[in-house]
Structure formats: structure tokens, C-alpha cells
Number of protein chains: 2
Amino acid sequence: MQPDPAALHAAAVRIMARCDELARYSSLATGIERVYLSPEHARVNRVAARWMREVGLDTWQDEAGNQCGHLPGRDPDAPSLLLGSHLDTVRDAGRFDGILGVLMAIEVVRALGPRWRTAPIGLDVVAFWDEEGARFGTALLGSSAMAGLWKPEWWDLTDEHGTTLRTAFHEFGLDPGRIGAAARPAHTLAGYLEAHIEQGPDLDRGNAPLGVVTSIASARRFAVTIEGEARHAGGTRYEDRRDALLGASEVALAVERLCRAQHHIVGTVGRLETFPGAVNVVPGEARLTVDLRGEHDDHRDRVWRDISTELDQIAGRRGLRWSATELHEAPAVWCDGLLQDVVRAGIEDTGARDVPTMFSRAGHDAMAIGAVTGVGMLFLRNPDGISHHPAESVSLADVETGLTALTATVEHLAREAA
Amino acid sequence: MQPDPAALHAAAVRIMARCDELARYSSLATGIERVYLSPEHARVNRVAARWMREVGLDTWQDEAGNQCGHLPGRDPDAPSLLLGSHLDTVRDAGRFDGILGVLMAIEVVRALGPRWRTAPIGLDVVAFWDEEGARFGTALLGSSAMAGLWKPEWWDLTDEHGTTLRTAFHEFGLDPGRIGAAARPAHTLAGYLEAHIEQGPDLDRGNAPLGVVTSIASARRFAVTIEGEARHAGGTRYEDRRDALLGASEVALAVERLCRAQHHIVGTVGRLETFPGAVNVVPGEARLTVDLRGEHDDHRDRVWRDISTELDQIAGRRGLRWSATELHEAPAVWCDGLLQDVVRAGIEDTGARDVPTMFSRAGHDAMAIGAVTGVGMLFLRNPDGISHHPAESVSLADVETGLTALTATVEHLAREAA
């Protein structure tokens, strides 16, 4: 069916306005931050639920805090196609990462809802929480719960204030004992489709508004602690120092060097802290995070082994000790072949030719959901590839084109399922 | 006069017990931290004032929050010899740095007080606050106020919670408008004497309990901000990154390399923070401190110029910007010749021969007070040179020997002044 150009334009304008509106729900006075199980989480879920009901979805918040909506097709027991993304953010975030995909999913339901009663499958929208892992260091918590991948040891993860995930569940009004009920069995799902800004510059450089994702990066995250000895900065000669920060600085530079030496691996030290952290004390301890992404699990693992070897050498040379805790591990996830095909067909319906295909260096909820159902992703052009930053952007025209493609993709899929 | 061995031993035991007692006044649940204008500052001043009054001193808290005590000699208008050190600490501090010198000064008054009515000069004890600069980044605040060196721009210094020094004064019950009254005119002072643990291993390695300080390090402290661009850790290729932490890591290593290349210069990056500081975001900003100490001002300044040049190069290579704010500058301070001689004579009175003389890499209140009166310092052996650390220590025997020497030094000075 040809989309109504006026309705489509109105939908894209509404999406942009709602991205602006959600940006106001933040724990920061200036800038955006919405973390898992925070007051902003509860408020934004209420807003998203209202928008979902407005397009005809039955709504509920699941046992992991994900906001869900369901529209049945002709058979209430048929599996559902899941459309969604996430509403949590990193600190000082942009306004589109995740949010855009949820709002586009709602607009797809608005466009197709009136005719969905005859569809062979149901249509669900999900707004995941804690894709980013900004509060507890472990990412994909909400989508892992839905995929049935929740790990009991996560209950003891703590945030920067020492609050455990278990306590945060109680404080938010969720029951940790019911987390299993958030899991969606595979037979209830007909696939997962997510639209997302690229978080990289490739579409922008190729002058293409949309791309098909072939796979999502293999990732590992570590918290590394380096211990030396805190001593007086003035009175302690260099030969008597065991400076944890100098060791950590060498590690940060080694992560860059070792990753650059490998094809398609990126590594980031995003956080580094020193203790006691006084201007006149030689740092006795440094804590840093290491985030590794690669197209292939084995390359990623080889780089971590190389980093570990380097840590041993640095620690030996400087009289330090080190230890690492793995915060997150996700194998590379390959998008479903059929879903790649229908996403491409949806993009071609917008008039595009030579549709770019790409591997996603960034992680996405699709990585977790991929454990229970086929996943497909549509990327939208992200000017300059700036993401996780207030300057993150996407154009109104690209959102309009993306919405056309996503709607067409869902229609193709409904036909395939018939 | 020969000291009474039993009284001397009792005094040393009391000093050690009081170091333990003061260690309980802390803002930390475990470990010691007492910063300027904190509740612990007020509480510890009350305790110190009680101990001062117990040995016959008239006490007051001055307009900068320093706890003072005065014992007149035969002429109430004669200048006073000032004995003291500081009661503030770094975070997770030891229990002797500064505290020991204040408690030893009180015991000197206890020993000499009964005979001081005939002395040609007065005897003052002062417990300074904010020698360390742990709260506002700028050190020697209390002693600078007493030396008349207070700078109006300090009122706008902020602590980690954004509280200005001005506000902290009000909250503590001090009037910023009266800070000038804390200044002691030069003609009211007959010199300043401070006993302190060495904060370095030289006396310990030389098997000497006590040493004479010849000069105190020239020091400069800077807060350096490095700005890059926060971007998504997965989606951003290395060639598109402007990673502030990698720049900061190179700077930390350059500070070490450039200082080691210079004789008698030590440089420390004690604090490094990343912003936004998320595991999956390329750091857009890094803030670090640089602390430089040297025996000579020109060597210290040359190293800072070399570090600045290195910062330019690193920033140019990585697409970063940098800026630095000077937090503290103190020229090398040479101890007064007469005071060095009497400190040596005092140490020789304990039976020591070949008394070590040494340059202090650590800063001390004597640096500020040196602007208005001659200063002298006595160092006590510090096992392994561990300071600014809970394992900081000094032996009871050395405290007893040090107290003998300090008391004898004051007696020598009183005779010189006669």
C-alpha cells in the first residue's frame, strides 16, 4: 500500500518533537541522562505507554521494567513481530540513540494498525531499559530479561552509590523473584526489528540515508583495578614509587595500540579514576574500564589476551598488582537472512538502489533478543557519526524515509508470514 | 637544663596516644580525612584548644580557622617564637603528618612553661589548617593567612561539591571580611619552628632519628583540562576519535619522563578523571592535576615549560585542546641560618653526631610563614618514608628523642634572644 505523504510527514515531525520532549526527562540539570530503575525511567515509561495506547496497543510494564505494547492480528495466539529499541541513555547523551527506534515503531503501528486485524501475526512494540549499562556497568539488562538470559549474579551488581541491582528493583517497585516472567518464549515471537541511528559515519560518507545491518559486534567489557601504593608526592623519590596511575596510563595507551594493530577491533578506556585522588599523593590505586568490540569473537578474545599480557608486563615493571572483572560479554550476532532481505526490500521501496549493508560496531538490544528469535536492523544516517554526545543528530527527511522503509518492511514480513 | 627522663617518656607516650585519639576524628568511616572548614576541623580545634590550655597557653581560633595558643615571657609586648604544624589531612591519611608537630609543640610548652615567665620572648603554639590543600586544591591556606599572603581570588575556589571557599567560611562561622586580622605582623614574631616526620626515607636509610632541614621545595600545582570529543565507543573508528583520556595518559607518562630527566625534580599526577566517564563512551574530557617540586625554582619552571610543550604536541597529534590553571605556587624557602644552627645544637644535645642536613621535597607551613619570619625545621625519621598513607609511622623512641631536641632548641633560642 502506498503511504499517505501527509500522514507520513506528520509522523516524522511528531517523532522529532517527541525526541525533544523525552530529552527533558533527565537526571541532569543540563544534558540528558536516564538510567535504569531511576525516577526518569518510571516517568518516561508512563509517557511511552500513553503514546502506545494512543495508536491502539495494549500496554504493560514487564517484570524487568521494559515498557511493552501489543496489537493482535487475526489470531490472538499467533506469534508477534517485535518492533523496538531502548529508552535509557548514557550520561550527557544525544536524543536519538534508542529513543528514535521506539518512536518509529509506534508510528508504524499508527500507520498499519487499522488494517492489522487481518494480519497473520501480532505486532508488539517494546521499549527496553538498560541497553547502555550506564548504571550497573552491565549492558542489555532489559533485553536479556526478555530473551531469558538473566543471570542470578547480576543481582549483586552495584551502581556508583553502592546500591545493588536487587535493591534498585525493590525501590522501583519490581519484584526480583518475578524476573523470569519477563522472558518471552521463542514460539511467541515472529522476529525482532529495530531501527537505529548508525552511531558511525559510514552512511553519511556514502551519501545514503538508510542501510541494512548484517551483524552486530562481538563485545566484552572489563573493570580493571591496578594497585600500587599511595605515598607523599613530594617526599617519595621515583625509585620508591609504585604509581598506579602511571601503570593505568600505559594500559590505556596499550589498549589503543593493540586494537589498532588488529583489523576491525576497537577498544576504549571510557573511565579512569585514581585513589585517593589527591593532588599531592602518588596514586595508590587506579580503576579503569576496557570496552572491546569486533566483528569476530576470536579476534576480540585474542586482543584481550594481548592486553592481559601487557598488563602483566606493566605491573611487573612498576611493582603493581592488577585484577579484572568481566562486566559484559556478547558474542557477535548475525542478523537473520530473511529479515535482512525484507529490510532491504523496505529500503528499496523508498526508491533507493545499491542499499548499503554494514556491520554494527555498536551493541544493540538485538544482540540479546537474537538468542530467542531472528533479528533485523535498519540504520539511519547519523551526520558525522556523532553519538553518545549532545550533538548526536538525524535529519527530519531521513526519519521520514526511514519510517517509510520500516513500515514497508513490516508489511513485507506480514505477507511472508501469511 | 637536663630534661626529666620520666616526664619526657610520659610526654612521648602522651603524644602517641593523642595521635591515635585525633585519628578518630575523620569524615571517613574507615581511614582518616580531615579537611579545611569541615565539622572535623571544628571538633579537633576544640580538642587541641583544651590540650593547649592544659599546659598554660591562652587560646583562640584565628580568623582563618587556625587554632592558636600564647604563653607570654617576661615582657608581654615582646615578639613570640611560634611552634607548630597542621591538623588537616589528605584523604586516607596517616596519623602523624602535621599532627605530630602540633602535639610536640604542646609538650615543649608543658616542659618549659613553668620557667618561661623569665624568658625574653613569648612562646606560641599554632595548629594550622589546610596545609594539604585537600579540599580546595590550593595548599597552605591557614599559614598564608597568618603570613598576610591571602589572595582575594581564593574566595572563589570550589570544593568537589561546588562549595566556594567564601561559602565554606560562612558555614564554618568565620567572616571572610575579617581574614586580614589573621595576619601576624613580622615584628610580633621571633621565628617559627616546626617538627615533622620526614615523608621520605633518607633518615631511615641513614639510621638517624633526626635531621636539620636546609630548605623546603619549590612547588607548583596545576589543574589541567584536556578536551576532545565524547563519541560512541563502538561506532567510532580510531581515525575519527579525539580521545581526551589517551591524551591525558600520554601527559601523565610525560610528566614522569621529563621530571626524571632533571636532577632533584619530582612531578606527580595525583588525580585523573574522565568525562562523561561511561564504559562505552570515548572520553570527551579528562582533568588531571600536576604537582611539581624541586630544590630550585628555575629547574621546576623549566620542567613545567617542557610539560607545556609536550601538551601542545600531544594535543596537536590527537586533535585535542588543553588548558591549565595554576592552583599553587611556592618558591623554594631557605631555612634561617640561626634556626638551622639551634636545631642542630638541639639535636646534638641528644647525643647525636654528624647530624644529617636535608632539603625537604614535601611542602610545609614554614613555606608561607617564611614570608614574615625566619623558619627552622626538625625532621623525625619516617620508617620506609611512607606518608600520606595509613601505614605512615614514627617510633615512640624517635618521638622521645625529637622532643628532647625540640625542647633544647627552644631553650637555645631563648638564650640567643636574651
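**Cysteines, interface and one serine**

Colleague: Let's start with A:Cys68. Is A:Cys68 buried or exposed?
Modeller: A:Cys68 is buried, at a relative accessible area of 2%. Buried means under 20% relative accessible area, exposed over 50%, and partly exposed in between, with a 1.4 Å probe and protein chains only. Before we go on, this is a predicted model: local features need pLDDT of at least 70, side-chain atom pairs count only at pLDDT 80 or more, and totals for chains, interfaces and linings use all residues. Residues are numbered from 1 along each chain as its sequence is written, chains are lettered from A and ligands numbered from 1 in the order in which they are written, and side-chain values use heavy atoms, with hydrogens and water left out.

Colleague: How many disulfides does the whole structure have?
Modeller: The search over all chains finds 0. A disulfide here is a pair of cysteine sulfur atoms within 2.5 Å.

Colleague: New topic. How many residues of chain B are in contact with chain A?
Modeller: On chain B, 62 residues are in contact with 62 residues of chain A. Contact means heavy atoms within 4.5 Å.

Colleague: And what area is buried there?
Modeller: About 5,500 Å² between chain B and chain A, with 52% from carbon and sulfur atoms. That is the accessible area (1.4 Å probe) the two parts lose on being put together, summed over both. In chain B, the residues that lose the most area to chain A are B:His232, B:Tyr238 and B:Val279, together 15% of what that side buries.

Colleague: How many salt bridges between chain B and chain A?
Modeller: The count is 6. The rule wants a side-chain nitrogen of Lys or Arg within 4 Å of a carboxyl oxygen of Asp or Glu. B:Asp240 and A:Arg205 form a salt bridge through their side chains, at 2.7 Å, N to O.

Colleague: Which helix gives the largest share of chain B's side?
Modeller: Helix 7 of chain B, with 10 residues touching chain A. Helices (H or I, at least four residues) and strands (E, at least two) are DSSP runs, numbered from the N terminus.

Colleague: Last one. Where does B:Ser85 lie?
Modeller: In strand 3 of chain B, residues 80-86. B:Ser85 is buried, at 0% relative accessibility. Beyond its neighbours within four places in sequence, B:Ser85 contacts residues including B:Gly98, B:Phe128, B:Tyr192 and B:Asp365.
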